[in-house]
Each structure stands twice: as C-alpha cells, then as structure tokens.
Amino acid sequence: MIAQLNKDTKIAVIGLGYVGLPLARLFSTKFPTIGYDLNQERVSTLMQRHDATLRGGRRPAVGGHPIPCEHV
C-alpha cells in the first residue's frame with residue numbers, strides 16, 4: 001500500500017491521544033497531515049505547539065512539522 005502513496009496523498013488522523021498524536025507526527029514527515037480531536041482544549045494546546053502529556057515524544061507535540069488540528 002505504501003508504494004501507491006505519493007506526495008499528493010493527504011492523511012487525516014482522528015483522535016490525538018497516545019496513539020493518534022505520534023502517528024500524526026510520523027505521517028507529517030512525509031505527507032500533508034491534519035489531526036482531529038473531540039477535546040477543544042487539547043486541540044488549542046496542540047495548535048500552540050505544546051503537548052503537556054508528552055505523548056508526541058520528548059519534543060513539543062508538533063515539533064518542526066506543523067500538524068493542523070481541528071475540533072470535531
């Protein structure tokens with residue numbers, strides 16, 4: 001499946017918790033990625049490039065790859 005993906009592929013990650021956030025960060029290194037989460041406060045802090053839970057790794061949640069986030 002990966003061989004069929006190209007730079008025009010867009011990825012959406014639903015839920016930016018302990019699985020979704022690291023996954024979104026990984027995808028964002030190769031593809032345009034957007035994250036969705038139900039928790040408005042979580043989305044707001046991630047948009048400020050801060051992850052208080054450090055679930056996205058030791059660096060700030062979106063590090064050098066901005067991941068647009070939206071509340072659903």
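Mentor: Just after α2, Arg-49 takes a positive phi of about 65°. The model is a predicted one.

Trainee: Why is Met-47 called partly exposed?

Mentor: The relative accessible area of Met-47 is 46%. Buried requires under 20% and exposed requires over 50%, so a value of 46% makes Met-47 partly exposed. Met-47 belongs to helix α2, which spans residues 40-47. Its C-alpha atom is separated by 7.0 Å from that of Pro-68, 21 residues apart along the chain.

Trainee: What puts the buried residues of α2 on the same side?

Mentor: The buried residues in α2 are Arg-42, Val-43 and Leu-46. They cover an arc of only 100° around the axis, and therefore lie on the same side of α2. Val-43 and Leu-46 are also among the nine residues of the largest nonpolar core, which includes Ile-11, Phe-31 and Cys-69. The elements giving two or more residues to this core are β1, α1 and α2.

Trainee: How do you know whether Thr-33 is buried or exposed?

Mentor: Thr-33, in strand β2, has a relative accessible area of 8%. Buried means under 20%, so Thr-33 is buried. Its side chain reaches the backbone nitrogen of Ser-28 at 3.4 Å, and a polar atom of that side chain lies 2.9 Å from the backbone oxygen of Phe-31.

Note on methods: Residues numbered from 1 in each chain as written. Predicted model: local features only at pLDDT ≥ 70, side-chain atom pairs only at ≥ 80, totals over all residues. Heavy atoms only, no water. Helix = DSSP H or I, 4+ residues; strand = E, 2+ residues; numbered from the N terminus. Buried < 20%, exposed > 50% of the residue type's maximum accessible area, 1.4 Å probe, protein only. Core = buried A, V, L, I, M, F, W, Y, C linked by side-chain atoms within 4.5 Å. Polar contact = N/O pair within 3.5 Å; in protein donor to acceptor, adjacent residues only side chain to side chain. Arc of directions from axis to C-beta.
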